[in-house]
Amino acid sequence: MKRAGIIRMVVILVAVGALEFLCRTGVISSFVMPAPSTIIYSTVQILASGRFAADIWVTLRNVCISIVAAMVSGVIVGTILHRLPTARRILDPLFATYYAIPVYAFYPLLMVIFGLGDLPQIAVGFLLALMAVIINTLNGLDRVPRVLVKVARMHRLSGWAMDRKVRLPFAAPYVFTGFKLCVAYSFVGVIGAEFITSSRGIGYEISYAYNNFDRERRLLARRRT
């Protein structure tokens with residue numbers, strides 16, 4: 001292990017030890033924050049009982065669906081917009097202000113459209129993650145060297161063939177950056193939506209534990225995310 005990793009591990013262990021000491025001595029009330037050892041003990045008990053198994057499965061399934069949908073749609077939309085400069089200029093203000101409006105504001109509308117099942121939660125995760133993929137795909141395609149485009153034209157590649165064989169492979173690092181953000185945003189979107197109307201999932205478990213002052217259960221659910 002590198003020196004930086006060792007230092008990081010030592011800092012974490014010292015912080016956890018200090019938190020344990022403060023909780024055990026009463027400096028931090030157990031009502032506010034249980035001791036780390038108490039959380040670990042509750043974690044073992046709850047996981048052994050299988051109480052969270054169904055909720056974890058539901059959340060992970062919905063997150064995976066939103067991730068795949070956002071990745072595929074984001075790359076396709078980004079590639080199309082790169083070929084349509086006029087449409088891109090029209091949509092640029094939307095890209096710049098997209099995250100200024102919380103996606104959760106549209107949750108009631110999504111419930112009307114998709115009903116009370118899992119689809120509204122998947123839609124929230126999808127909408128949060130989609131723009132990250134589109135923007136990073138466009139950034140990558142914008143940075144393709146002109147010489148590569150000229151060589152592709154010399155070989156008489158069509159527009160879509162050029163995208164598939166030249167532009168997208170070169171833009172792959174930027175696209176994968178969008179994928180990384182997509183995963184994070186999908187988790188945030190789905191779990192956040194589960195707080196609102198869901199009757200299952202990790203977000204529901206956190207909300208239930210919070211409303212019923214079940215601190216160990218709430219912190220465990222947060223750790224599972």
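What share of the contacts in the protein with a separation of 6 or more comes from residues 24 or more positions apart? The share is 71%, where contact means heavy atoms within 4.5 Å.

## Basis of the model

This is a predicted model, in which local features need pLDDT of at least 70 and side-chain atom pairs count only at pLDDT 80 or more, while totals for chains, interfaces and linings use all residues. Residues are numbered from 1 along each chain as its sequence is written, and side-chain values use heavy atoms, with hydrogens and water left out.

The protein has eleven helices and zero strands. Along the sequence the pattern reads α-α-α-α-α-α-α-α-α-α-α. These elements are DSSP runs numbered from the N terminus, with helices being H or I of at least four residues and strands being E of at least two.

## Overall dimensions

Along the principal axes, the C-alpha atoms fill a box of roughly 75 × 55 × 30 Å.

## Surface and charge

Of the 225 residues, 38% count as buried (under 20% relative accessible area; exposed is over 50%, partly exposed in between; 1.4 Å probe, protein chains only). The protein exposes about 13400 Å², and carbon and sulfur atoms supply 69% of that area. Accessible areas come from the Shrake-Rupley method with a 1.4 Å probe, and for residues only the protein chains shown count as cover.

There are 25 positive and 10 negative side chains, and the centres of the two sets are 14 Å apart. Lys and Arg count as positive and Asp and Glu as negative, without His and the chain ends; each charge is placed at NZ of Lys, CZ of Arg, CG of Asp or CD of Glu.

Val133 lies in helix α6 (residues 119-142). Val133 counts as buried because its relative accessibility is 0%. Beyond residues up to four places away in sequence, Val133 touches Ala70, Met71, Gly74, Val75, Gly178, Phe179 and Cys182. From Val133 to Gly203 the separation is 70 residues in sequence and 24 Å in space, C-alpha to C-alpha.

Thr137 is also found in helix α6. With a relative accessible area of 0%, Thr137 is buried. Leaving aside neighbours within four places in sequence, the contacts of Thr137 are Gly74, Val75, Gly78, Thr79 and Val175.
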